[in-house]
Amino acid sequence: GGVASWRAGSLTRLPIRESRRLDLSVPGREPRGALQVTMDWAGRELRVAATHLGLAPRERRTQVRSILAEFAAEPTGVEVLMGDLNEWFLWGRPLRWLRRRFAPSPAVRSYPARHPLFALDRIWVRPGAALLTIERHETTLARVASDHLPVKAVIEG
């Protein structure tokens, strides 16, 4: 397979300071990654990482450690981590580690799309006061487009 071309500026109106792809692949498992984009948000830094983690618990632990290493420095603005974390274990290590780095975040049920029972898709924000709302996007089209419902948040700097 080929690598798709992607341009960060096509997804935001904010000026892009930096964008990079993080390789989260674990040997013997499906290739995984994260996209990290740092934007200028009215003079403040907004750092967003979007990912889709693996299916195996050991794989997710390795991937979350890698993501957290990218967020190791104290934030100079607002940080957001979002994506399909595939984490079924509410008190598993990956979610505990993320709770330590980011503010507590509501776990919105998004999977399966027909009758959401599990909160596999998450949005984490730091500082916590920046997160105003978080909810799932429920439309007929969303239910057809994926087996997960989109999760959306409103943040304020």
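## Strand pairing in the sheet

In this predicted model, strand 1 (residues 16-23) and strand 2 (residues 33-41) run antiparallel and are joined by 7 bridges. Within this pairing, isoleucine 16 has methionine 39 of strand 2 as its bridge partner. Strand 2 also pairs with strand 3 (residues 44-52), again in the antiparallel sense, over 8 bridges. Here alanine 34 stands opposite threonine 51 of strand 3. The hairpin formed by strand 2 and strand 3 has 2 residues between the strands, and alanine 42 adopts a positive phi near 55 degrees in it.

Glutamate 79 is placed opposite arginine 126, a residue of strand 5.

Together, 5 strands make up an open sheet in the order 1-2-3-4-5, with mixed pairing.

Helix 2 (residues 93-101) lies across strand 4 and strand 5, and runs at about 25 degrees to strand 5.

Glutamate 87 is located in the loop between strand 4 and helix 2. Is this residue buried or exposed? Its relative accessible area is 4%, and because buried means under 20%, glutamate 87 counts as buried.

The side chain of glutamate 87 makes a polar contact of 3.0 Å with the side chain of arginine 60. When neighbours within four places in sequence are left aside, glutamate 87 is in contact with Arg60, Pro94, Leu95, Ala119 and Leu120.

## Aromatic pairs

How many aromatic pairs does a search of the whole structure find? The search finds 3. In one of them, the ring centres of phenylalanine 71 and phenylalanine 102 lie 5.4 Å apart with the planes at 75 degrees, so this pair is edge-to-face. The two residues come from distant parts of the chain, 31 residues apart: phenylalanine 71 belongs to the loop between helix 1 (57-70) and strand 4, and phenylalanine 102 to the loop between helix 2 and strand 5. Phenylalanine 71 is buried at 0% relative accessibility, and phenylalanine 102 is buried with a relative accessible area of 3%.

Tryptophan 88 and phenylalanine 118 form another pair, with ring centres 4.8 Å apart and planes at 65 degrees; the pair is therefore edge-to-face. This pair also links distant parts of the chain, since tryptophan 88 is in the loop between strand 4 and helix 2 and phenylalanine 118 is in the loop between helix 2 and strand 5, 30 residues apart. Tryptophan 88 is partly exposed, at 39% relative accessibility, and phenylalanine 118 is likewise partly exposed, at 35%. Ring pairs link Trp88 and Phe118 with Tyr111 into a cluster.

## A charge over a ring

A further contact involves the ring of tryptophan 91. The charged end of arginine 99 sits over this ring, 4.6 Å from the centre of the ring.

Methods: Residues numbered from 1 in each chain as written. Predicted model: local features only at pLDDT ≥ 70, side-chain atom pairs only at ≥ 80, totals over all residues. Heavy atoms only, no water. Pairing = 2+ DSSP bridges. Helix = DSSP H or I, 4+ residues; strand = E, 2+ residues; numbered from the N terminus. Contact = heavy atoms within 4.5 Å. Axes fitted to C-alpha atoms, helices over the stretch in contact; angles between N-to-C directions. Buried < 20%, exposed > 50% of the residue type's maximum accessible area, 1.4 Å probe, protein only. Polar contact = N/O pair within 3.5 Å; in protein donor to acceptor, adjacent residues only side chain to side chain. Phe/Tyr/Trp six-rings, centres within 6.5 Å; stacked < 30°, edge-to-face > 60°. Lys NZ or Arg CZ within 6 Å of the ring centre and 35° of its normal.
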